[in-house]
Structures are given as structure tokens and as C-alpha cells.
Amino acid sequence: MDSEIGCLIRFYAGKPHSTGSSERIQLSGMYNVRKGKMQLPVNRWTRRQVILCGTCLIVSSVKDSLTGKMHVLPLIGGKVEEVKKHQHCLAFSSSGPQSQTYYICFDTFTEYLRWLRQVSKVASQRISSVDLSCCSLEHLPANLFYSQDLTHLNLKQNFLRQNPSLPAARGLNELQRFTKLKSLNLSNNHLGDFPLAVCSIPTLAELNVSCNALRSVPAAVGVMHNLQTFLLDGNFLQSLPAELENMKQLSYLGLSFNEFTDIPEVLEKLTAVDKLCMSGNCMETLRLQALRKMPHIKHVDLRLNIIRKLIADEVDFLQHVTQLDLRDNKLGDLDAMIFNNIEVLHCERNQLVTLDICGYFLKALYASSNELVQLDVYPVPNYLSYMDVSRNRLENVPEWVCESRKLEVLDIGHNQICELPARLFCNSSLRKLLAGHNQLARLPERLERTSVEVLDVQHNQLLELPPNLLMKSDSLRFLNASANKLESLPPATLSEETNSILQELYLTNNSLTDKCVPLLTGHPHLKILHMAYNRLQSFPASKMAKLEELEEIDLSGNKLKAIPTTIMNCRRVHTVIAHSNCIEVFPEVMQLPEIKCVDLSCNELSEVTLPENLPPKLQELDLTGNPRLVLDHKTLELLNNIRCFKIDQPSTGDASGAPAVWSHGYTEASGVKNKLCVAALSVNNFCDNREALYGVFDGDRNVEVPYLLQCTMSDILAEELQKTKNEEEYMVNTFIVMQRKLGTAGQKLGGAAVLCHIKHDPVDPGGSFTLTSANVGKCQTVLCRNGKPLPLSRSYIMSCEEELKRIKQHKAIITEDGKVNGVTESTRILGYTFLHPSVMPRPHVQSVLLTPQDEFFILGSKGLWDSLSVEEAVEAVRNVPDALAAAKKLCTLAQSYGCHDSISAVVVQLSVTEDSFCCCELSAGGAVPPPSPGIFPPSVNVVIKDRPSDGLGVPSSSSGMASEISSELSTSEMSSEVGSTASDEPPPGALSENSPAYPSEQRCMLHPVCLSNSFQRQLSSATFSSAFSDNGLDSDDEEPIEGVFTNGSRVEVEVDIHCSRAKEKEKQQHLLQVPAEASDEGIVISANEDEPGLPRKADFSAVGTIGRRRANGSVAPQERSHNVIEVATDAPLRKPGGYFAAPAQPDPDDQFIIPPELEEEVKEIMKHHQEQQQQQQPPPPPQLQPQLPRHYQLDQLPDYYDTPL
């Protein structure tokens, strides 16, 4: 099936169904019900199902059933009264001349009170207003017409039709019965045609028919003389009727996201309309002559069109336009001098190189995300208070900016500015100056008094700050000088008294030393201090004691050995972050009454000292990455009471002694209001230990969706992998199925997600690994290849040309903040099903073949990538050897650079050696890629480079530590491995370039070329002797048997393991499968073994957890159950071996020792048995053959022997 069709079928078949009235059910239950007056003896008490749904009381006519006739009692305007004659009884009455009454007796007093409170709220509502939005209505309900005095009716987001198929159903034509209706909302009903019945409602003042696929507006609308607001957004309109001019009271006309190519002429007659709302149309040219004919228009909104130029036929000024919005168009230059009374100009996200504006009345200028090199405003704007020209190509600050006396906010970040004028700081009105991400080498040295309150100069090239900056800045509350080259700080005062009111200081990623710490005491009101990733070796206790108002401190990435005990004086501290240091002693932070978050990961802690009672507000404690830390049972029980407690999982060591190809570290950080709206997924041993799965999920402001994605997505992917092996297909299917499983939570909530799946080629287990990334929203993945970033994700937002075109086709409304219907800025995201098809869950999928040049990859949430570029993120962690420390660093940098959202980062370090990367398919001229710098030292690479991928060990735990050679290997075993790697020296002619074996075929180390008169020697996984042997011949110096290497009583069988892919097709009839035990390592000749041919299962024991731990290593609350993928163990089985794996010591009873004098006889027996097997035994049926890693060609294995011994 085509993947696109499959995607559509899966989406529509599994689309979360609307629950209809179930969403509006507030209360329900089985109670004793009596209808009518209490005095009438004919009415009896019966037990019935009672439901409070929306504004109605529903009573079933059949006992214990919802299938029979339902009695509906409207409650708006009615009343609910207590019945004193019966216990726990209420009387519900509707309003109007045909009012009815139901008496209901409740079983408990609690239910009685709940129903009384809820129904009282409904009954107290105005009868003039009814909200039936999002009810999946196909026709108007009968009870809607109980009262025809309605003034406000909301019917949006339904499936209403003008003429329903059912004869008794009421269509939109019945709306004319509401003669007092003032406001009617029919948006998002896909009507197709304009409902003419509304034209017969004389009192209608507000009509919303947006998003109804209307292609025309009838002339009959001209009779609605009282209409003041007319919303026609999100349709297919190209023109308007001339009769619209009869709406003399019309003050607002919404024409956004239609298909107009020019401004409709009828607007010239609508003199009460002061705002032109035509965003999202198809206008390519703005003819100012049309605006000149509309002197009543003051606000022009033309964003998200495709305007390329403005045409002014006359030289006269357009004096009536005061606000002009041209965002997201195609303008290359803009001369706005003709708008001589302009006050607010929006021209963000165009292609502007030059911009000219009239400054007489200019108050706000928004021109970010262009290519500006020249910006002229004439005359000097004396009323300008806000100016944003960030993300352009400006090389200096325009002179007229320094003369704008009312300028309060200036954002010139992300430009190429090399110097700031000193006059800029003298502006008495300037409060906020954002000059980060430029090329500033210094700031003005001699500063006078400045009124700047917020100064951001991060990501520049500053070597120092002006000496008098902090002394002259009496109003400075916020200073961010992160990511510079600072080695010192200026003093705040020259005496003991200080006037500093500085509250937030960010100095992360500089070169500050201990000499800077005493200068911090000049800021007694400091609340937030970030000095991460500097060169601090100590923080004097006396200086810490003076920061009494401190609330948050981040000292990560330094060389601190301790946190001063005087932190106890900082009674307001709630966050202490000091990861990636050398701290050996647990600080006294648990004595702080306000402490909420403590991060001491990646240190050298050995024990934890706790008080008897934990701080009442403590929510997070991270102790991962402390290898020497030992916690007793009592301490663990106490710490497990924390909402989020993280500690390294106990490691059982590597089962095979092989190093991990991947190892990961992750971190999460809460955003505003301490809400953790992100989640991470990490499954190192996904699908039989040959694959891995990592993910990051971001719910923006909601917690539910990321949690659901974390618990469910890995299981869905595992199921999809059983159906197809195509990367794009199973990834797309995973996201579509996940969309369905979100259920009701995904109808009004959503979340971004990125998944990375590492898998091995099932056809060729000796081949390379493939990394597949799939993402929706702003969660993204970047791969570091050869030290440079390789993005694997794509962010689908409004700036994407094809996505904007698709959104316009579906007629969604994009609000001024760039969000679809004001909900989300991502056009592809999980959840938000009510925005379909404008917002869809189809991910961007990209697969790459992992090579030795691939060092690591990063998964990050929206907060991370909004603060760091992919280049900066890769460069920041490339030299960090520990994956956990790398993830922590990314999170800390993002927070210091200004991120206030929740952040999640996963760093997966790779060690793809040449033995797990096949380059046989490369062209003859291409060179074999060199091994990656990776995380393993070269000496270790020498040992492990020929280890087969079948022998891959279990990757390391979530702490991110890269596993090296297992400590279980003894020195003798290691030397035995290295001693066994030597290959026999081939004749000189066999290695020449013109060798006749494979003249131009290029082979990798995993699949070497088999020369006709040379072979590669491999150590068998089992031996015939004890471990005590030399590497030479036996004592008698006998000539060795061909194919069998003897060493005293030791016998090694030589096996040719070369890859014969190039010859595989033409010699398939000669294929011979290696038994499962032989694998790629050689022949296993051993006694008391399992039956030959049966595949072995590796023994990967499930790692135990401490506390309530998530699958990714963090600790979950006790009430939540995680869907953790566990690797169960069967009976104790043989540990898998690998290339050059030192053989385990066999039991003496199991050894089969062959004396030297019998070696010739053994050879004859082996050859004879091999010939018999080839002649007598037919090949087994295909379905019974075990899935083996490789095939070997018989004619290329002259020295391969099969033996039953």
C-alpha cells in the first residue's frame, strides 16, 4: 500500500470521535423520580437514569437504560427548590407557560448538595443566551425553540445544514423565528452557501459566518441595516456585492483569509468601517490609490499576503492611515514616507534591504527578521517609544536613534553591530536595551548616568565591561553578559555603601575566575545569579553570606569542590544548581526553608547528609552522575518522597564485555510556575538489544500530553515495526496511531514530539546502523558529523512556504501572534484534533546511515532550540565526554540565555567503529571513512575495532557514561585478545593493487577482501586446551596442520570471515550457512553443548530500579504507572561472545584435548565428515532455518570444517 494512502486511512479510521453530549454531561446517576405535582396520587416514584447535560435535565423513560425515550427539561430561567417533606429531595422546574416539574430523591446528602449547587448555576443563567458550540449538531434541537426571546446564540463548530435530510429536523431556515436575536455565531459549520434565513432577522447586530467555505455573499444581506459586525473570514470569497453599502451601521468587516486580489470597491461606501482586515488573501500589489479613496480607513491589516511592491500613482500623502501591518509578505524594499501620519508600522518577516519611514508621529516600529542594511526615519521620531530591528544585517546603530528622546525599548539583537554609541546610554527615557548576538568588542567606556533597567549584551566578543558601568547604572535591574570572553567584572562601588539595585545577573559561559566573586557583594539585592561554565575554583563563604536576598544560583560547569556552608544565610534560596563540578561534600541546602530544586549531578559526592525532615517545598533533587555515591536504605526511603528524585540506576556491568555503540544522558527543567511541561524517552535496548529509541516531548503549557506520549509512543513504534520495515512508513504510522490514542486529551490539547530510532539492518546484521528521526512541532534533532551539525528535523511553522499555502487552502485563521486559530504556531503537531485538517500529526522523517564520523546527536524541546542555534549546541558539547554532563550543559546554557519555558535535552553519544559500518557499497574512488573521535580512546579502539556487531554489549545506563572495556576482563584475558588479533603475513604479491582476486573492489574492515592465497585468522570462541599456552608452535616444532593452528595442546580453527556481497548473486547455489554457535567468530568445538543449529538467546538481565523510576531514569510519582519496556530474562544462558573475546575458562571435564600426534587423524575425520554432510543432508526448509547473521560461499572456504565433536 502506498504510504500516503495508508497514512490517510489510518488518520480517518482512527480519528478521535466526538463525544458529543458526553463532553457536556456534568452529573448523572440512578435516582427515584416523580413527575408532576406532588398532590396528584396518579404519579408514582420510579427509579430512573437522570443526567444534567449542558443546560438541560434529561430523564430516561425506561429503567436502567439510555436507549428509550428521553424527557428533556430546559433549566435556563427555571428554578430548583428543596422539598422538605422528603429527605434529600429537589424539585426541578422549567420556565415558560408550559413549565414542567420533576422531583428527584437522592441517595446521599453529598449527592443532594452537588446537584443543588450545579443546577442552581444553570438555572440562574440568562435565558437570552444559549451556547451550543462544539456539540456535533446536524440540525437545530427542538428545545432551542422553547423560548423565542433569545438575543445571543452560539452554534459554532457543528455540522449544521440549511435543509437537513430528516423531515422532522429543524434546519437553519428556522432561525428567522428568533425575532429578537442580536448575536449569531455560525462559524466552522462548512455550510457551503450563505444562510439566507439570517437576513430576515431585523435585530441582528453581529453575524459570524467564518470558515464555512462560502464562495459568494448574496445581495440580500443589504437588508440587514442594523448589522454592526460582519465576519466573513476563512472563506473562498473573491468579491462582495454592491448592496453591502446599505449597511450604514457596519463598523467591522472581516475579510481575512479569502481569495481577494485587490481591495473591494464597496468599502469606499462603508464609511463606518475604520479597519481594513484583509490578511491572508492573494494580493500581490498594494495600490495606494485604492486606499486614497477610503479616507475613513485608519488601520490597514494586509499581513500574510504575497505583496511584492507598493504602487503610488500620485505624490499626495495618505494622511488617514495611522497603523500599517505588512508582516509576512515579499517586500524587498519599502518607502513608507507617503504615510506621513503613520504611528505603528509592522513589516516583520519580509525581505527588506532598505526601509524609509516618516517619523512625525511614529510611535512603534517592528521590522525584525529582514535583511536590513539601511534604516532611515525622517524627521527624527520624537514620539518613538518601541523599536525592534533584530535579526537583520545592520552594522551600526542609526544616528537618529540616539536623538529619539522618548525611546524606551530598543532591540538590535542578532545583527552585525560592532560598536554602540555612547550617546545611546545617555538617553534618559531608554529602559531596555537588547544588543545580544552582535559583534561588540567593547562597550562605551566613559558612561554618564544611565536610566537603563535591562541590559542584554550576551553572545558578543566582550573582553571586559566598562569600569564604571555598574556604578553609573543606578536603575539597572537586569544584566546578561553570558557567552562573551569576560575575565573580570567591574565594581559596583568604590566604598562600602552601594546604590546597586541589580536583581538578575547572568554571566554564564565566560572566563571569570575567583577574583570576581568578592565584587558580587556590591549587589546586596541580587536574586538570580548565573555563573555557570566559568573558571571558578572556590566561592568564599564570607561573600556568599552577604547575598541574603539570593533566590536562585547556578554555579555549574566550574571546578568547585564545595558549596559554602554560609548559603544557610540565604534564607530565600529556592534553586541551587551546581552540576558538573568537583563537589565532594553534600551542601547544607536541605536546611533552607524555601528550597525547591537542587541539582548536584556529575560531581564526586560519596554520601548525602539529610536532616530528619525534608524541606516542605522540595520538589526536585538530582544526584545522577556521582559514581562514588552510596545511599543506605533509610536515606533512599526518605528521598523517594520527593516528587522528582533522580539517581543513577545500579549497573550490573556489560554482559559481553563489549563497549556500547551508543550511550545517552538527558535532563529536564521546569518552566514558569514550576510546571514541567516536557518529557523524555530513552530505551537503550529497544527490540532485542540491537536497537535504541529516544524521544523528547513538549506540551508547551500542558503536562498531560507529554506524559501520555512518554508512556505510550515506544509501544506503538514496537507494534508498527512488526508491520513494516520502511523507516518513513513505520514512523508516520506511529505518529498517526499516537494521535488516535490521545483520545479526548488530544482534542483540545497538543504537544510537539521528536523520536529517534537506531536500528540495525535485519538482512545484514554485520552491516551498519541507521538513525531515523521523526518530528512534529518545534522538537528537533541535530546530528554531529565530523564536528559539524547535520539537522535531521524540520519545524513546520508559518514561515514555511508550503505549510502557509496548505493552511490557506484549508481556510484556517492565523492570528496576529502567528498561531492557527490562536492556538498553536506549529502546523504539524500531535493533538489539537479540532483544528484538523489545518493542523495535522504527519511528521517529517529523515534517515541517515551512521558512520564513524558521527560523534553524537541531540534531541531538544522548543525551549532549547529557541535559545541555542544548532551550531552553538553542537560546539558546546562536542568536547564533553559524558552524555549526561552534555545534556546538563545545554539546559543550563539555554536558561542563562533567557529561556523561561520548560526544557528537555537528550544527548546520545555514538561510537560507530568500522566494524559496525560497512562501506563496501562506496565507489572505488571513495576513501574508507576514518574512525570517529567518539568517546573511546584510540587504545581501546584498537582492541574493539574488529568486534562484530553481534557482540555488542548492553549500552550504558541513563547517566550517560560511556561504557569501555568491561572490568571483568582480566589482564591475561586482555593480552590473550590482543595476541590473537595477528593475521598471517600474506605474500607480497597478494596485497598489490593489481591482485586478481578483486581488482578494484573496496572493502571495509568488517567485510575485508578475501585474497586467494591469504586469509584472516580469528580466535574461536571455545578452545581445546587450558588458558596456559604460548603464541608459537608446540614444543616439538611440528609443522602446523593447514587450517588448524596448534599451540601445544591448544587448537584454533582458522575461518575466513570475509564478506562476499559482490559474488553473492552469481553463486547462490553454493551458499552454506554457518551454525548459530559459530557465528562470525569461528568453530565452536566443545562437549556438553546445546543442540547445534538452535539460535542462542543472550542473557541481558533487566536492570533493577531504585524508588519509583521511569524508563528514562527519572523517578516518577507513586500514583503514576509508566509503560516501561523491560527486557525479561529466561533461564541463565550463555553470554554472547565477540571478535577477540577472551574465552571463558572451560570446565576440565568439558575439555577435549587432542595430542599432537593425532592431529593428522583429526584432520582426516573432519574432512570426511564434511563430505558426508554435503552429500547426504538436504538443506532444511526455509521456514525452519534460524535467522543467521551472514552467508558464506563454499568455494571460498577451503579450510572450513564442520565437526560433530
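## Exercises on strand pairing and helix crossing

In strand β7, C105 is the bridge partner of N32. The model used in these exercises is predicted.

**Exercise 1.** Determine which strands β1 pairs with, and in which sense.

*Solution.* 
Step 1. Take β7, which covers residues 101-105. Strand β1 pairs with β7 in the antiparallel sense, over 4 bridges. The bridge between N32 and C105 is one point to look for in the structure.
Step 2. Take β2, residues 46-53. Its pairing with β1 (residues 25-35) is antiparallel too and has 8 bridges. Here M30 has Q49 as its bridge partner.

**Exercise 2.** Classify the crossing of helices α9 and α10, and list what makes the contact.

*Solution.* 
Step 1. Find the axes of α9 (residues 704-721) and α10 (residues 727-741); they come within 9 Å and cross at roughly 135 degrees.
Step 2. Because of that angle, α9 is oblique to α10.
Step 3. Assign the hand: α9 passes α10 in a right-handed crossing.
Step 4. List the contact residues. Helix α9 supplies L708, L709, T712, M713, I716, L717, E720 and L721, while α10 supplies Y730, M731, N733, T734, F735, V737, M738 and K741.
Step 5. Sort them by class: 11 are nonpolar, 3 polar and 2 charged.

**Exercise 3.** Carry out the analysis for α14 and α15.

*Solution.* 
Step 1. The axes of α14 (residues 870-877) and α15 (residues 883-896) cross at roughly 135 degrees and come within 9 Å.
Step 2. The angle therefore makes α14 oblique to α15.
Step 3. The crossing of α14 past α15 is right-handed.
Step 4. From α14, the residues A873, A876 and V877 meet A886, K889, L890 and L893 of α15.
Step 5. This contact has 6 nonpolar residues, no polar ones and 1 charged residue.

Key
Residues numbered from 1 in each chain as written. Predicted model: local features only at pLDDT ≥ 70, side-chain atom pairs only at ≥ 80, totals over all residues. Heavy atoms only, no water. Pairing = 2+ DSSP bridges. Helix = DSSP H or I, 4+ residues; strand = E, 2+ residues; numbered from the N terminus. Axes fitted to C-alpha atoms, helices over the stretch in contact; angles between N-to-C directions. Parallel < 35°, antiparallel > 145°, perpendicular 65-115°, else oblique. Left-handed = near helix turned anticlockwise from the far one by under 90°. Contact = heavy atoms within 4.5 Å. Nonpolar A, V, L, I, M, F, W, Y, C, P; charged D, E, K, R; others polar.
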